[in-house]
Amino acid sequence: VSAVGAAAKTIDEAMRFAPLPEVLGEELRRGYGELARLAGADDPPVAVRSSAIGEDGEDASYAGQQESFLWVRGVEHVLDAVRDCWVSLYTPQAISYRAALGAPGGEAMGVTVQLMVDAEISGVLFTCNPVSGDPSMVAIDASWGLGIGVVGGELTPDGYLVSKVTGEVVRRTVSDKHVEYVPDAAGRGTVRVEVPAERREQPCLGDAEVAALVELAKHVQRHFGSHQDVEWALARSHALPGSLFVLQARPVTTLAKRAAKPAASAVQHVLGTFGARAESERRP
């Protein structure tokens, strides 16, 4: 462990103090300027999100091992955040995780810079039941504020299991959502705040929001041709449908692994080893 920590520190220092390639800096400045034009603001807040190659697979998921940064303002801060995403490939935790899995070298990362959504409600959905694999269901988790608390496991979100066919909410669980993440007062970065008592056990989603998320799930599944794990947000002070944003979509690879096991045991002598892999880009 100490050797891994020493290696991580050496890599961190080398990467953090190395200048960005000039052509990359110019491209990032140009892109941020275009986002500013679209947003009608000089320094629009953005999300700088990591997407490491190989982080979503049938055997393991690297998702969550690398850093992402929310509510970043100003092009120089964006440049720093992009570099910090790359550096996070080589934290002691990330190095140890890959080593434990016997993952090969050649790590690489794409970084997405997206206009920030001022999320009143956010969460994740699966275009199937992620526990049973039932493709006729959509599973939705939702909580107040930005999605950091949900994806980070800091709180128990509200949960909805909804039929794709009828739109019926088969199961609805309302939780005590005690914290939320919101932009800090200066508009740079985020802060963790306590949710007022009267909102903690109030459902995040009404019937209209649930229906819109089910339609979104079906649309995303059709687009990629496979089941997807989708991060989404409902923007503050906006009405449906314009308030609903897709932040990220990635394949639900664990279903392919689960389905392959019984198939292989039954017909392996005829078909050989069967593997199904769905790939998708991480996108705004």
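Contact means heavy atoms within 4.5 Å. That rule applies throughout this briefing on a predicted model, where local features need pLDDT of at least 70, side-chain atom pairs count only at pLDDT 80 or more, and totals for chains, interfaces and linings use all residues. Residues are numbered from 1 along each chain as its sequence is written, and side-chain values use heavy atoms, with hydrogens and water left out.

**The chain overall**

- The chain holds 8 helices and 11 strands. Helices (H or I, at least four residues) and strands (E, at least two) are DSSP runs, numbered from the N terminus.
- Of the 284 residues in the chain, 39% are buried. Buried means under 20% relative accessible area, exposed means over 50%, and partly exposed lies in between (1.4 Å probe, protein chains only).
- Take the contacts in the chain with a separation of 6 or more: 63% of them join residues 24 or more positions apart.

**Two helix pairs**

- Two packed helices are described by the angle between their axes and the distance between the axes. Axes are lines fitted to C-alpha atoms, for helices over the stretch in contact, and angles run from 0 to 180 degrees between N-to-C directions.
- Helix α1 (residues 2-16) packs on helix α4 (residues 92-101) at about 125°, and their axes are 9 Å apart. The pair is therefore oblique. Angles under 35 degrees count as roughly parallel, over 145 as roughly antiparallel, 65 to 115 as roughly perpendicular and the rest as oblique.
- The crossing of α1 and α4 is right-handed. A crossing is left-handed if the near helix is turned anticlockwise from the far one by less than a right angle, and right-handed if clockwise.
- From α1, the contact uses Val4, Gly5 and Ala8; from α4, it uses Pro92, Ile95 and Ser96.
- Helix α2 (residues 22-39) and α3 cross at roughly 125°, with axes that come within 10 Å. That makes this pair oblique too.
- α2 and α3 also make a right-handed crossing. On the α2 side, Leu24, Gly25, Leu28, Arg29 and Tyr32 make the contact; on the α3 side, the residues include Val75, Leu79 and Trp86.

**The loop between α3 and α4**

- Ser88 sits in the loop between α3 (75-87) and α4. Ser88 is buried because its relative accessibility is 2%.
- The side chain of Ser88 reaches the backbone oxygen of Cys85 at 2.6 Å. This is a polar contact: a pair of N or O atoms within 3.5 Å, where within protein one must be able to donate a hydrogen and the other to accept it, and residues adjacent in sequence count only if both atoms are side-chain atoms.
- Leaving out residues up to four places away in sequence, Ser88 touches Gln65, Gln66, Glu67, Ala94 and Met109.
- Leu89 lies in the loop between α3 and α4. Leu89 is buried, at 5% relative accessibility.
- Beyond residues up to four places away in sequence, Leu89 touches several residues, among them Ala52, Gln66, Ile95 and Met109.
- Leu89 and Ala8 are 81 residues apart along the chain, and 9.4 Å separates their C-alpha atoms.

**The loop between β10 and β11**

- Arg236 is in the loop between β10 (228-235) and β11 (244-251). Its relative accessible area is 30%, so Arg236 is partly exposed.
- Arg236 and Glu120 are 116 residues apart in sequence, yet their C-alpha atoms are 4.7 Å apart in space.
- Setting aside neighbours within four places in sequence, Arg236 contacts Asp118, Ala119, Glu120 and Val182. The Arg236 side chain reaches the backbone oxygen of Ala119 at 3.2 Å.
- Ser237 belongs to the loop between β10 and β11. Ser237 is exposed, with 71% relative accessible area. Ser237 has a positive phi of about 65° although it is not a glycine.
- Pro241 is also in the loop between β10 and β11. A cis peptide bond links Leu240 to Pro241, with omega of about 5°.

**Two residues in strands**

- Gln248 lies in strand β11. Gln248 is buried, at 2% relative accessible area. Its side chain makes a polar contact of 3.3 Å with the side chain of Arg49.
- Trp71 is in strand β2 (residues 69-72). Trp71 is buried, at 7% relative accessibility. Trp71 has a positive phi of about 60°, although it is not a glycine.
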